[in-house]
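Please look over the sequence and the model first.

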Amino acid sequence: MGIIDAFVETPLGAIGILVKDGVLCGLDLEPDRTIRASDALPAMVREQLMAYFEDGSHAFELPLDLQGTTFQIRVWEALREIPPGCTVTYGALAWKLGTGARAIGGACRANPCPIVVPCHRIVAGKGLGGFAGDSSGRKLAVKRWLLRHEGALSPGTPPVSKRLMP
């Protein structure tokens with residue numbers, strides 16, 4: 001990720017925020033806290049992040065500048081259509097977009113704005129799958145927390161698709 005503009009403290013710990021010309025370009029779930037940030041964060045970004053962490057059903061309405069391939073952007077746009085509290089399998093999204101589940105996983109891994117572009121709502125056919133390139137450890141714990149926060153995952157139960165994409 002580029003230079004962090006600000007850090008926001010969340011229930012997940014500090015999140016690094018990258019903003020360009022008032023538009024959100026990236027979220028870093030594991031920012032390097034030794035980097036000095038300007039804390040020049042547009043109020044709208046801070047307010048919407050805090051609203052989400054207070055209420056998992058909050059839907060983001062932020063201007064985004066997502067840099068990626070045409071395919072990645074297509075996947076990220078599809079992710080933004082999945083409402084809070086719902087999950088979709090890698091395979092179902094792949095079917096909708098006419099591609100493979102691994103390609104969906106690769107686009108999710110490259111997502112520059114996790115949480116806002118909700119790649120955490122994409123799950124494996126049996127279980128959580130991975131998150132941000134991690135299939136165990138802290139990032140998967142973050143995915144589990146986000147899904148529970150949104151009501152898509154109850155403690156101790158596997159994720160269940162509440163809405164299947166056609």
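Is Y52 buried or exposed? Y52 is buried, at a relative accessible area of 0%; buried means under 20% relative accessible area, exposed over 50%, and partly exposed in between, with a 1.4 Å probe and protein chains only.

## Basis of the model

The model is predicted: local features need pLDDT of at least 70, side-chain atom pairs count only at pLDDT 80 or more, and totals for chains, interfaces and linings use all residues. Residues are numbered from 1 along each chain as its sequence is written, and side-chain values use heavy atoms, with hydrogens and water left out.

## The aromatic cluster

Three aromatic pairs turn up in a search of the whole structure. Rings of Phe, Tyr and Trp (its six-membered ring) pair if their centres lie within 6.5 Å; planes under 30 degrees apart count as stacked, over 60 as edge-to-face and the rest as tilted. Y52 and F53 have ring centres 5.3 Å apart and planes at 75 degrees, so this pair is edge-to-face. For Y52 and F60 the centres are 5.3 Å apart and the planes at 35 degrees, so this pair is tilted.

One aromatic cluster is formed by Y52, F53, F60 and W145. F53 counts as buried at 9% relative accessibility, and F60 is buried with a relative accessible area of 12%.

Helices (H or I, at least four residues) and strands (E, at least two) are DSSP runs, numbered from the N terminus. Three strands in the order β1-β2-β3 make an open sheet with antiparallel pairing; two strands pair if DSSP finds at least two bridges between them. At the edges are β1 (6-10) and β3 (23-28), each pairing on one side only. Neighbouring strands of the sheet are turned by 35 degrees against each other on average, direction ignored.

Five bridges join β1 to strand β2 (residues 13-20) in the antiparallel sense. A6 has I17 in β2 as its bridge partner. Helix α1 (residues 43-54) lies across β1, β2 and β3 and runs at about 20 degrees to β1. Axes are lines fitted to C-alpha atoms, for helices over the stretch in contact, and angles run from 0 to 180 degrees between N-to-C directions.

## Helix α4 and its partners

Helix α3 (residues 90-97) packs with helix α4 (residues 101-109) at an angle of about 100 degrees, their axes 8 Å apart. That makes α3 roughly perpendicular to α4; angles under 35 degrees count as roughly parallel, over 145 as roughly antiparallel, 65 to 115 as roughly perpendicular and the rest as oblique. Y90, G91, L93, A94 and L97 of α3 meet A101, I104 and G105 of α4, where contact means heavy atoms within 4.5 Å. This contact has six nonpolar, two polar and no charged residues. Ala, Val, Leu, Ile, Met, Phe, Trp, Tyr, Cys and Pro count as nonpolar, Asp, Glu, Lys and Arg as charged, and the others, Gly among them, as polar.

The axes of α2 and α4 come within 9 Å and cross at roughly 85 degrees, which makes α2 roughly perpendicular to α4. F71, Q72, V75, W76 and L79 of α2 are in contact with A103, I104, A107 and C108 of α4. These residues divide into eight nonpolar, one polar and no charged.

## Residue Q72

Q72 sits in helix α2 (residues 70-79) and is buried, with a relative accessible area of 17%. Leaving aside neighbours within four places in sequence, Q72 is in contact with A107 and A110.
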